[in-house]
Amino acid sequence: MRTSHVPALSDVTRGRVLYGGDYNPEQWPEEVWLDDVRLMKEARVNSVTLGVFSWAKLEPRPGVREFGWLDRLMDLMHDNGIGVVLSTPTASPPPWLGRLHPETLPRDEDGRVEWWGGRQHFSHSSEAYRRYAAAITEDLAARYGSHPALTLWHINNEYCTYDWSDEAAARFRRWLQGKYGTLDALNTAWGTAFWSQGYGQWDEVLPPRHAHYLKNPTQVLDFKRFTSDMLLECYVVERDIVRRHTPHIPVTSNFMPLWVGQDAWRWADEEDVVSVDLYPDPRDPYGAQSGALVQDMTRSQARGPWMLMEQAAGPVNWRGVNHPKPRGLNRLWSLQAVARGADAVCYFQWRQSRQGAEKFHSGMVSHAGEEGRTYQEVKRLGAELHKISGEVTGGRITSDIALLHDWHSWWAGAQDGRLSTQVDHPDILRAWHRALWEAHLTTDFAHPEHDLTRYKLVVAPQLYLLTDTAIENLLAYVHGGGTLVCGFLTGIADEDDRVRPGGMDARLRELFGIRTLHEWWPLDAGETVECDGFRGTLWSEEIEAGGGATAVSYKGGELDGLPAVLHKDRAWYVSTLPEPDALRDLLSRIAADAGARPVLDGLPARVEAVRRGDLLFVLNHGREPVTVDVPGTHHDLLTGEPCTDQLTLGRYGVAVLRP
């Protein structure tokens, strides 16, 4: 039974920015724990996550519970004023579960078993896995539900498993029966008349396992939908157990940034707190923009403040070359997350491991110890977050622009038999978000079926698959006075990945002023196409314009004189991917005409300005000092100094300005 009050992140923060991260003290002798607490308090850590991968420690043998060590830790944290995000340990089952119940181990599309010895080695469809996961969750909730240290439940960790096993196949068939009802409906949706794929009995239907040639793309699409739903079922079962014991405690599970396997729009609706793990590459020149994209998406999924569950204080250990963060970058990216709506800034992990697969993944306390640069920077950041917490926590961000994204469209567009493997949905999304970010325009994300009426500009970088509901929503938005910009390969297929007549939905062709879409002309890697005023990359299209549309034309080649960009009333269609500066300039002009403007005018390159509530965050992502015009008089919460009309920021500098 839910309480009348739905628990939220604000019930945990209570006017503070949560600061801390995953704490794995079971890896260390207990005498280290007291030293950990001392260092946590010095760094103003107020939240730790316990138990993420502790199943074998909590249940060393089937049905045996060893909670003593966790009892002592919960008490230790409470005694020192540190809240606990308690995780169910179900992301990493103990070896005995796989040995006794091999059906709990997932199989890949070739039928190979994924054995224990790593993590995430569970079949989301396994009844045995679900039974044991529910049992350990039940006992954790019963034991710690009333403990005063408990502030938040964290279910599992980074749900990301696929499974092509026989048990998954049986669940897949049940899922399909629920979706389609009859085999005739499934055969129609999957287009099984092609290649003699028609199914006569449900037992003939399998997950899209290894095939001689291309797989049925709608079968693959449905399997991706099924996988997201099965993982969500696992989450909901554990969530409902802890809710029953603690209806007042919010529940979350951490997303991986823009991960292909979860429909995060649907998942976010099932979470009390939306959280994400974020690891931009310190050497990536667009690492800050990559971070901003994930932050904007997570804030939009949360519809308000969100939780940065994991980041790295220094290097990670899973890239080909794992670079540390230069001095000041951890602080900058952490405050960027706060600027874009995070009310929790946390890390994996507290103390860097000495053994195991992630011993070279950094911690808040690195192998260098408390004298090391990493911990010293962590301590400074903790003091600064403490300083601004009371004024920033709960603050909202208002944007006039929505960028559309849909996992089902991504899944469908990524099929093996597509026109160009150079076209990658996340890359397209990043390119368009980068253009808006470099134009200093704050952006929300939205699903194409969401209510878009409050936005002045809606941007759809690529929505290969659109439902009729989504199309009617976009039409209503434009007819209601909104401005819409769509990139290429939008509106091509319906929800069953059936190509719409004419190669693009007729309603969208009318909206954009397209009479005929004759051919798609994908470009080779590195190839460009000249347009009037810019160059296009990756893609082009042979389009015949209809009445009422104005165009920017292709120049030269097979498409000479044909429209590259079409504009009809408040609808724009861009049939190529303009080079970065050109896309930025195009979207800047369209945004200005729609009435959407940057927070500050005349910002230097690599300077970001975001308004959160009454506070203005100004961040310098460059290595050189910059001077920024900030009209009026402000007070910098970080320095305590006044600021009038101009602000100077050093390398990786940040100001948090209150009018």
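1. Asp645 lies in strand β25. Strands here are DSSP E runs of at least two residues, helices are H or I runs of at least four, and both are numbered from the N terminus. The phi of Asp645 is positive, near 70°, and this residue is not a glycine. Because its relative accessibility is 42%, Asp645 counts as partly exposed. The classes are buried (under 20% relative accessible area), exposed (over 50%) and partly exposed (in between), with a 1.4 Å probe and protein chains only.

2. A word on the source. This is a predicted model, in which local features need pLDDT of at least 70 and side-chain atom pairs pLDDT 80 or more, while totals for chains, interfaces and linings use all residues. Residues are numbered from 1 along each chain as its sequence is written, and side-chain values use heavy atoms, without hydrogens or water.

3. Strand β25 covers residues 642-649 and pairs with β24 in the antiparallel sense, over eight bridges. To pair, two strands need at least two DSSP bridges between them. One of the contacts links Asp629 to its bridge partner in β25, Gln646.

4. Tyr652 comes in the loop between β25 and β26 (654-658). Its phi is also positive, near 55°, again in a residue other than glycine. Most residues other than glycine have a negative phi, and most peptide bonds are trans. Tyr652 has a relative accessible area of 8%, so it is buried.

5. What forms the positive surface patch? Arg283, Arg327, Arg623 and Arg651 do. Lys and Arg count as positive, Asp and Glu as negative; His and the chain ends are left out. Patch residues have over 30% relative accessible area and no salt bridge; like charges are joined within 9 Å, and nonpolar side chains (Val, Leu, Ile, Met, Phe, Trp, Tyr) within 5 Å. Each charge is placed at NZ of Lys, CZ of Arg, CG of Asp or CD of Glu. A salt bridge is a side-chain nitrogen of Lys or Arg within 4 Å of a carboxyl oxygen of Asp or Glu. Arg623 is in the loop between β23 (615-620) and β24 (626-636). It counts as partly exposed because its relative accessibility is 49%.

6. The nonpolar patch brings together Phe194, Trp195, Tyr213 and Leu214, with about 460 Å² of surface. Areas are Shrake-Rupley values with a 1.4 Å probe; for residues, only the protein chains shown count as cover. Leu214 belongs to the loop between α8 (183-190) and α9 (217-245). Its relative accessibility is 31%, so Leu214 counts as partly exposed.

7. Now the open sheet. Nine strands run in the order β5-β4-β3-β2-β1-β9-β8-β7-β6, with parallel pairing. Leu308 has Val345 in β9 as its bridge partner.

8. Check the peptide bond between Phe348 and Gln349. It is cis, with omega about 0°. Gln349 is in the loop between β9 and α13 (373-392).

9. Is Thr490 buried or exposed? It is buried, because its relative accessibility is 0%. Thr490 lies in the loop between β13 (483-487) and α17 (506-512). Its C-alpha is separated by 4.5 Å from that of Leu463, 27 residues apart along the chain.
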